[in-house]
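User: Can you walk me through the aromatic rings in this one? Keep it short, please.
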Amino acid sequence: MTQSPELLRRLLRAKDHMDRASHEDWPVARLAGISAVSAAHFARSFKDAFGVPPHRYLLSRRIERAVALLRDTDLPITEIALQTGWTSLGTFGRIFRDITGDSPGALRDRERRAPGQGQVPECHARAARRPDLKIAVLEKRRRTGLVSVDPT
């Protein structure tokens, strides 16, 4: 189903708000208000337009920002978690590991030891490191066996 150009503009407005302030809370109702549509319609339309639900899109932006801060600054991991919108260090670490495959500290160490940085244009390097959130984090854990499913 194709979406009207007007609806796409409204969705992009909400997406731009998330990009500018990914550290803020963005419940669907708030995003729907920016887009001037109902919450249910917004959630469906956003996923149709961008391929991921709004929450996963926001997670990917937060993790991308955290990776950049880990790589480019000496800020403590706790400060990075707070600056990227997490209120719990444990949740930040768990979701960061689920999405990137590494803990924040391990990723920082690996990024800093990586030889040959600067040889690839930054836009290509960022695209290669962009988190893949086409499937839910919980589904990723199930597939890797990190979450047990109760058969009852």
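User: Which residues do ring pairs link into a cluster?
Analyst: Phe-42, Phe-46, Phe-50 and Tyr-57. A caution: this is a predicted model, where local features need pLDDT of at least 70, side-chain atom pairs count only at pLDDT 80 or more, and totals for chains, interfaces and linings use all residues. Residues are numbered from 1 along each chain as its sequence is written, and side-chain values use heavy atoms, leaving out hydrogens and water.

User: How many aromatic pairs does the structure hold?
Analyst: Five. Rings of Phe, Tyr and Trp (its six-membered ring) pair if their centres lie within 6.5 Å; planes under 30 degrees apart are stacked, over 60 edge-to-face, the rest tilted.

User: Why is the pair of Phe-42 and Phe-46 tilted?
Analyst: Their planes are at 40 degrees, so the pair is tilted. The ring centres are 5.5 Å apart.

User: Is Phe-42 buried or exposed?
Analyst: Buried, at 0% relative accessibility. Phe-46 is buried too, also with a relative accessible area of 0%. (Buried means under 20% relative accessible area, exposed over 50%, partly exposed in between, with a 1.4 Å probe and protein chains only.)

User: What about Trp-86 and Phe-92?
Analyst: Their ring centres are 5.9 Å apart and their planes at 55 degrees, so that pair is tilted. Both Trp-86 and Phe-92 are buried.

User: New topic: charges. What sits over the ring of Phe-50?
Analyst: The charged end of Lys-15, 5.2 Å from the ring centre. The rule: NZ of Lys or CZ of Arg is within 6 Å of the ring centre and within 35 degrees of the ring normal.

User: And which residue lies over the face of Trp-86?
Analyst: Arg-62, at 5.6 Å from the ring centre.
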